[in-house]
Amino acid sequence: MIVSKFGGTSVGSSTNISKVIDIIAAKTDRTIVIVSAFGGITNLLIKASDAAVKGDKGYLSILDDIQEKHINIIEGLFDKASQVTCKVFILKHLNILKDTLNGVCLLNDLSDKSSAKIVSVGEIMSSFVLSEAMKHKGLKVELIDSRAFIETDSNYSNANIKYQETYSNIQKYFSSNDFNIVVAPGFIASNEEGEITTLGRGGSDFTAAIFASATNAEILEIWTDVSGMYTANPSLVDQAKPIDQITYQEAMELSHFGAKVIYPPTIQPVLDKKIPINIKNTLKPNEKGTLIIDKTVTKDSTVKGISHIENIALLTLEGNGMIGVPGISKRLFGSLFQENINVKFITQASSEHSICIAIDIADAEKAKKAVDKQFELEIIQHKVDPMIVETELAIIALVGDKMKSHQGISGKMFSCLGNNNVNIRAIAQGSTEKNISAVIAKKDVKKALNTLHADFFENQIRQINLFITGVGNVGGILLDQIKKQQKYILEHLHINMRVIGISNSRKMLFDENGIDLNSWSAQIENSKVEAGFEFFFKNVKELNLRNSVFIDNTANDILPSYYENYLKQSIAVIACNKIACSSDYKVYKNLKYLSRQYNAPFLFETNVGAGLPIIDTLQNLINSGDEITQIQAVLSGSLNFIFNNFNEEHSFYEVVQQAGIEGYTEPDPRIDLSGIDVMRKILILLRESGMEMELEEIKNRSFLPKSSSESKTVDDFIISLKEEKDHFETLRLNADKENCRLKYVAEYKDGKAEVGLQHIPKHHPFYNLDGKDNIVLFYTNRYKDQPLIIKGAGAGAEVTASGIFGDIIRTANK
């Protein structure tokens, strides 16, 4: 014997009902088919009841909607000549329903008895139509009325089963009848007087479980619109997947915490007899679904699923007068019981100073009044504080029978949440260790679910969500590099890199599902959203995505002031912009502190040497216990390019112009030629070496003439370079006389740092530094005689973009 229950969505249209018939027709075993009302009908019946009791004649139009839906389904299932029987049946029961609702409207009274009579009509009509449709397709079917088999008390809206009588009725029928397919309406039953009662929430599942238990069925199938129970809510977690096998207890836990496939109290009859339950998808019947059994036999994840309940209020009762006083908990929960309030979550401090409970937010006000009244005397005496109510919360839970035999599950869970700035308000774990629950902010639910799902179910694939400001030269190339490498890093590094937000100086663009990098340029041009640093941050914060990374590809001197806002939200910051790390030391120090405090990486490898691993190498030296004693470096690829190409054939002015065209200098070349850029770079290296130093402490031996240094605009500066041709020629000729080359060098020794133009002789490592290359010589306690040398391209959009890309990978791996 198989019992197959089909929910409202499974019979929500003629197309779906045809699929149901195909599923039943393919079975060879004897089958009991339990059917819910057609999709949406029960809600319409409740809506009609509510309207009628208020005297609102709108219930008549609702009845018309109910009739139209049923007629449409009938016309979709039967040819014209075969529709009459079903249409007559439907119209007959809708007329009876109309009379009932007229009475409710006239009396302005809706008793539980009348309500049960009204809502039962949906299943009565759907079961008749389904059985007739099966017959029309040539199946031999018997329709039975569940009211004749399931006996209950007179609690009309949530009746209690009389199991002995009910099982006897069912067993007697099936022992004396040999129909291969039997159809019965779910949800409905009757009392001793033969009056209609209903089985409450999940009533059709309950009906199916009762028939399965009474007949000792081999399996109970619950057909719905999803392919089983999922590892998480698939509407919130794209990577959620169906669970192949799960135990009864795991299924109950997941269902309690929001998984809506089954309602735990209704499947108790099959649990008692350990009858397997198979959750299947009517629309995709060939998919495996989820098998719920007593003990699973597959080697699967320790954690079976992640679930959550929203719209939770956290109530806290605390006070010094609670410590060591017996009966406090009894009084607390007794007062809630008197108000019929269900408690979903409990935790108590071992000091007995406080008790926290979580309930539906709809009950919060009622609960506070009840508890404050119960402890009124203690509150007056200041032994207990008035109950504290916190709202806008949710419960998130990890579920799995095997968690109790594995260490570190709780630690991993809370570490994942903490790393993504998900604050935990309360924690609960039963001694069976099948469930670990935490109360978090409702706004963090999606991020928490995705974070936990990635860590427990997704084979260590880590999703990184990028928000990029500055998508011009360097930023545009970075986006192209990401597009090109996305597939590779997913397959080889297990990093799912998504660009969620981008901004230029005029507009910005966001897409929570990831911006299409094939058309990002056109998309941002067509965006209607004006750019703004504050608004960009607000959007990043409100999206609240796990593993978010903010990237600053600008040279803007205001944007770095927002870095601390991002870090405080546990959003990693990658800065191509040098301003933050070379401004006041306290600003730099604070950003490094916030990075540690909020576990949010703050990386800026491209601040020095573009894509060269200069800062990373320096940090490795310091972290391993080495100490920097001296630094010599050519840190400006722009200046190196300029002085390498400055000769008798090309004037200084011409070479500077060419450097700008090729993207080696900043838009304002004064930043490069004044030496300020190199000063910032050596300052950053010294700070990363552990030294407290300000920019003003670095000596700048400028090679620019006074007219250039005092230029007010970029245009004036460029003109001055042309006018001061002789000055620059003299610099070159003086170096030539000494068989030296001009290099702009940064140096640190004996606690002092300076930058300036130097004559570099042939034997020096800097002499053959070509093109736009950078070179750094680190002298340390370990590298005393022969320095550690890092050399390579130190300017250019592509190498800079690759350096930022490297920081993204480092962030993903942290």
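This is a predicted model: local features need pLDDT of at least 70, side-chain atom pairs count only at pLDDT 80 or more; totals for chains, interfaces and linings use all residues.
Me: How do you know what share of the contacts in the protein joins residues 24 or more positions apart?
Reply: Among contacts with a separation of 6 or more, residues 24 or more positions apart account for 72%. As for burial, 53% of the 814 residues count as buried. The protein exposes about 36100 Å², of which carbon and sulfur atoms supply 48%.

Me: Why is Asn 450 called buried?
Reply: The cut-off for buried is under 20% relative accessible area. Asn 450 has 12% relative accessibility and therefore counts as buried. This residue is found in helix H15 (residues 445-457). Not counting residues up to four places away in sequence, Asn 450 touches Leu 236, Val 237, Asp 238, Gln 239 and Arg 546.

Me: How do you know whether Gly 319 is buried or exposed?
Reply: Buried requires under 20% relative accessible area, and exposed requires over 50%. With a relative accessible area of 3%, Gly 319 is therefore buried. Gly 319 is found in the loop between strand S11 (305-318) and helix H11 (328-338). Apart from neighbours within four places in sequence, its contacts are His 353, Lys 383, Val 384 and Asp 385. The C-alpha atoms of Gly 319 and Pro 386 are separated by 9.1 Å, although the two residues are 67 residues apart along the chain.

Me: Why is strand S2 (residues 31-35) described as largely enclosed by the rest of the structure?
Reply: Five of the five residues of S2 are buried, so the strand is largely enclosed by the rest of the structure. In a regular strand the side chains alternate between the two faces of the sheet. In S2 both faces are covered: Thr 31, Val 33 and Val 35 are buried on one side, and Ile 32 and Ile 34 are buried on the other.

Me: What makes strands S1 and S2 a pair?
Reply: Pairing requires at least two bridges between two strands. Strand S1 (residues 2-6) is joined to S2 by five bridges, and the two run parallel. Ser 4 stands opposite Val 33 in S2.

Me: Why are S24 and S28 called edge strands?
Reply: These strands belong to an open sheet of six strands, in the order S24-S26-S25-S23-S27-S28, with mixed pairing. Strand S24 (699-701) and strand S28 (788-793) each have a single partner strand, so one side of each is left without a neighbour in the sheet. Neighbouring strands of this sheet are turned by 15° against each other on average, direction ignored. Within the sheet, strand S25 (residues 741-749) and strand S26 (residues 752-760) pair in the antiparallel sense over nine bridges. Lys 749 stands opposite Lys 752 in S26.

Me: What makes S12 and S15 the edge strands of their sheet?
Reply: The open sheet has six strands in the order S12-S13-S11-S14-S16-S15, with antiparallel pairing. Strand S12 (345-348) and strand S15 (424-429) each pair on one side only. On average, neighbouring strands here are turned by 30° against each other, direction ignored. Four bridges join S12 to strand S13 (residues 354-360), meeting the requirement of at least two. Thr 347 has Cys 356 in S13 as its bridge partner. Helix H14 (residues 409-419) packs on the sheet, touching strand S14 (388-399), S15 and strand S16 (435-441); the direction of H14 makes about 15° with that of S16.

Me: Which residues have the most contacts inside the largest nonpolar core?
Reply: In soluble globular proteins, nonpolar side chains tend to be buried together. The largest nonpolar core has 76 residues, and those with the most contacts inside it are Ile 631, Phe 652, Leu 673, Phe 703 and Phe 778. Helix H26 (residues 676-688) gives the most to this core, with seven residues. A second, separate core of 49 residues includes Ala 48, Ala 52, Phe 78 and Ile 188.

Me: What is Phe 778 in contact with, leaving aside its neighbours within four places in sequence?
Reply: The contacts of Phe 778 include Ile 614, Leu 618, Leu 621, Ile 628, Gln 630 and Ile 631. Also among them are Tyr 783, Pro 787, Leu 788 and Ile 790.

Technical notes:
Residues are numbered from 1 along each chain as its sequence is written. Side-chain values use heavy atoms; hydrogens and water are left out. A nonpolar core is a set of buried Ala, Val, Leu, Ile, Met, Phe, Trp, Tyr and Cys residues joined through side-chain atoms within 4.5 Å. Buried means under 20% relative accessible area, exposed over 50%, partly exposed in between (1.4 Å probe, protein chains only). Contact means heavy atoms within 4.5 Å. Axes are lines fitted to C-alpha atoms, for helices over the stretch in contact, and angles run from 0 to 180 degrees between N-to-C directions. Accessible areas come from the Shrake-Rupley method with a 1.4 Å probe; for residues, only the protein chains shown count as cover.
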